[in-house]
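These are my notebook entries on one structure.

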Amino acid sequence: MILRLTSVRPGRSATLRKMLPQHQTRTLSRVGDSNFSTRPPPNNPNSSDYRSWQASQNIDIQRVTQTAMIHELTQQQTRCIEKVVPWFLNTMPAPYFRQVPESFRLDHIKAISAIKDANMDMHMNLKTHLPDGRQESGTMPGLLLNMIKELPFTQRSTEYMPLSRVQIYSAEDDSMSLNMFVYGEEPKNLTETDVTLTGSHILEYANQLMTGTLPPEDEFGRPHPTPDDMFSKDNLIKHMEKCPESYIVRSDPRRFLTQMELFEVVSGSDNIAVSIEDSYLNEHNEKHYWVDIALANTLPHFALEQTSQLLFLHNFDVMRAHLDNVYDGDNGYVTLLRMLISPVNGAKGDEATFELLKQELKRSKWLSPSTMELVYEKQPWLGIRRGEIITAMCTIIHPVMSKENSILFSKGNIIDTVTKNRYVNHAAAIADLFLERFNPKHPLSDKELEARSADLRAIVDNEVEETHAQELFFKMIDIIKHTLKTNVYMNNRYALGLRLDPKVMISSAEPPRDTPYGIIYVHGRRFDGYHVRFRDIARGGLRLVTPSSPEQFALEAAHQYDECYGLAFAQQLKNKDIPEGGSKAVVLVDAIGMSSSSKDFIMRKAVKGFTDTVLDLIVETEETKREVVDYLGKKEVLYLGPDEQVVADDINWVVKRAGQRGYDTPAAFMSSKPRAGINHKEYGVTSEGINVYLDVALRHVLKKNPKEESFTIKMTGGPDGDVAGNELKILHREYGENAKVVGIADGTGCAEDPNGLNWAELLRLVLNNLPIDHFDPLKLGDGGVVHKVDTESGVKARNNMHNRVQADAFLPAGGRPNTINVQNYKQFLNLDGTPSAPLIVEGANLFVTDEARQLLFEEAGVIIVKDSSANKAGVITSSYEICAAMLLSEDEFFENKSQIVNEVLEKLHQYARLEAELLFREFENYGGSLPQLSKVVSDAVNSATDALASALESFSENDKDKLLPLFRAHLPKTMSDLAFDHVRERVPSQYITNAISSCLASKLVYKEGTKFVETLPKEKLATVALRYLEAEHKVALLMKALEGTDMPAQEKEAIAKLLDSGGARTAIGVF
């Protein structure tokens, strides 16, 4: 037990600590120790061990002096204990003696006596171990909050242990507070027999409650809980089996049932439930209140700190407190807090105060550290809601303004500027305007907002003298005008979410680029996230970014939006063959310096907070209709997929939560579900498509038939990775020893062999999910080497392997975006200017920047198959998962999964080959760089899709139904056979429209080429496409009729080929 004892003296706001000198502390701690040595110390005055009290010439005098000192100290301690014990017994509250074991009480008395005897301020640590090996600590601080912040084993500690129990007591004479903290999980192995014995007092109370034999009030005048089925004996026993034994034994029956009610409210969720009631105590003529809080799936230490912080801000003193954790199955634990509080400094315990306190307690779990610092320390008068809006706006501003001046507009400088004392009133006024704009009771109209914004701008212009501060405030006002929806008034929201008009993220310091369709920004506890999409219905992955240092975090924060934009745009280009447009979500998580368990906990929380907030802004429920003001006026449909650091448990939670929140197709909200999804890594779907592009490129660029000739390849991404690992398997499956992997690098190192790395060893690593540093050096050929990142030279070799090693083709199948960029692209070239690989097939997103791609092509003739083409098979698979989730039940999918997956793989090969052949056909016919042509193909398909979707909006349902065969043909056959008859009732109409449009658009472009679409006026594109479809049907009839004619087979084949290649286009007269 670590016991910190702190006296509370009238009129003192801070704790004074008087620490004994080190040698005195050591001496006192060893009195009575059997190991204490009585060996005479050195009597040489020059010795480093010499003590000034020692008689240098007389050992007998030294011994007498020691004995006298021991006797005096013993007598002095005895006199002190005689005073402390009666005082302690008379001043500690009765619950302390009921709830704290005698052995611990004796330890507390010993510690207090020692401190009082030394005439110190009462602040000391006493450490012991519980019988089950866990550690307990106890504290007596002057300020509870400061003490909590100093507790050991926080989430940043490498020796992190969860806080499992807290007991806080104040002496009745207000001289002292004694707080006990227990760390480590308490065992929960109670049997039914155990809990019926340890919880007999609770079962008896509940029985009386249910049978109506209790008096109307308890001994303190408090009403009893309302009888409920949850208090039946069976339900109580089940609940007590989840509880630590100490909690059951210590709990007052009424308190136990009250907390059980709160537990049931939050069980299985991430919510918070709060109850505040009169304590019916009247100690020292002061009013006291009990605050009960249940926090699901949280860090107990954090819950205690946050609650104490809020109570301190609202001028409530904590006189007594208890913290316990109750097991909640797969959801972790529910932390139960109970605090006896008393208002101080003129605070009022009225209904309005407690209602605000309840709201802020619920919000505190999800507040960002920057918000907490602002509203708890710097500017408490702001309040949580305004503080949260201000810090969110500062985060949105950061990536936009930092492009103008990265130092002046760093995130820290932005927050410091708008919240400094002389300016913070302007930030508060802007936050108030935001709240008024979206107040569901009286929202501001556009006209009112314009007038109020103009007034604020005039005030800022007049009162803020610094130009950069003016710019920040003007941008904050701009954010209000470009916010279309927010969940700020939703009482149970996890984080703050804003649906933004994308124009607000445009910076004058960057060149023009395509504007997204929509942006959702989420500001939460230790995370900030963007979701960017380029079409009304969109799909893309959700990735977590967790920088390891403050410096790296600052860089990622500045580039987060641009990374999200770039990934979403790349997704839009590669999504050309499916109904969904491109999107991406990037969530930046602050887990710097945390233990691995705490980091994982925070990452899982970030996924929950982000996705639930997105749902706040896209679902239509009674709650959202009541509390969310919608200036967008259009239902939005989007789908997520797992990306970096998103795990299976996240996927399951997101899908389940989407169903709870009323999303129309919850099973489709996130792809790659463990049972009803198509696991990308298991089936290698992305790599299957990449290899098709590699195959076509080798034949066109290097003029090699990889089935018959050998070729060399270098890769980034390890054998344990999704794309790289599966690509290795496919290379060996398709080409055997013809494929020679001469270099491969991942986060652990790199392996190189000019004659090709041993295939058996590579496949062993893939099979066992091992990174490249596990490659057996004995399996290397002459000139082969394995570099590991545990040395500086190994890191250097790993980092430049992709530039240094010579190969026919480079396949980036892993690595961070922008690895090859305009500053370092020349490193990919040899000294003579030739490339280290003449062909790059981008398996990883954004590995090479646009500028570097173009320069490598212009200066060295490098042919690059862009990521938006090469790795599109993954997004097509995810789209099929969405269709399956809408059309089939989970059982139907699972029963037919093997056949559906095989059909999906066939579709992936088909779509990849169609685009690959088109790319190289147009590259050879028209020239230009391949990445530019890749974008041209995507733009052609997407523009045709958009034009068709717009035209189809005016079609009747019957006319649209005539086009449904296009959608059916797009789907895997088994899926369509099982459920396509129900497509209208199971699939949103908006999705069907997009599906028909994208299918017809991709058919048109892949068959006739990009020039055919580019030369058509946009207003005529839809009409021509529909005419083309009719003409194609007529051509098919002609070809069928041709089969029955009496004509030589060779002539039939020639005519059929002409009809197929140009018949439809000729029929509609467009050339």
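I began with the term contact, which means heavy atoms within 4.5 Å. In the protein chain, residues 24 or more positions apart account for 74% of the contacts with a separation of 6 or more.

I noted the basis of the entries: this is a predicted model, in which local features need pLDDT of at least 70 and side-chain atom pairs count only at pLDDT 80 or more, while totals for chains, interfaces and linings use all residues. Residues are numbered from 1 along each chain as its sequence is written, and side-chain values use heavy atoms, with hydrogens and water left out.

**Entry 1: the whole chain.** I found 42 helices and 23 strands in the protein chain; helices (H or I, at least four residues) and strands (E, at least two) are DSSP runs, numbered from the N terminus. I then looked up burial, where buried means under 20% relative accessible area, exposed over 50%, and partly exposed in between (1.4 Å probe, protein chains only). Of the 1071 residues, 55% count as buried.

**Entry 2: salt bridges.** In general, side chains of opposite charge can pair when their charged atoms come close. I counted a salt bridge where a side-chain nitrogen of Lys or Arg is within 4 Å of a carboxyl oxygen of Asp or Glu. The search of the whole structure gave 70 salt bridges.

**Entry 3: R499 and E636.** These two residues form a salt bridge, with the closest N and O atoms 2.9 Å apart. R499 lies in strand β11 and E636 in the loop between α21 and β16, so the pair ties together parts that are 137 residues apart in sequence. Are the two residues buried or exposed? I recorded both R499 and E636 as buried.

**Entry 4: R816 and E644.** I found a salt bridge here with the closest N and O atoms 3.8 Å apart. Because R816 lies in the loop between β21 and β22 and E644 in the loop between β16 and α22, the pair ties together parts 172 residues apart in sequence. R816 is partly exposed at 34% relative accessibility, and E644 is partly exposed at 28%.

**Entry 5: R733 and E688.** The closest N and O atoms of this salt bridge are 3.0 Å apart. R733 lies in helix α26 and E688 in helix α25, so the pair ties together parts 45 residues apart in sequence. R733 is partly exposed at 47%, whereas E688 is buried at 7% relative accessibility.

**Entry 6: a network.** Which residues are joined by salt bridges that share partners? I listed R543, E556, E563, K584, D643, E644 and R816 as one network.
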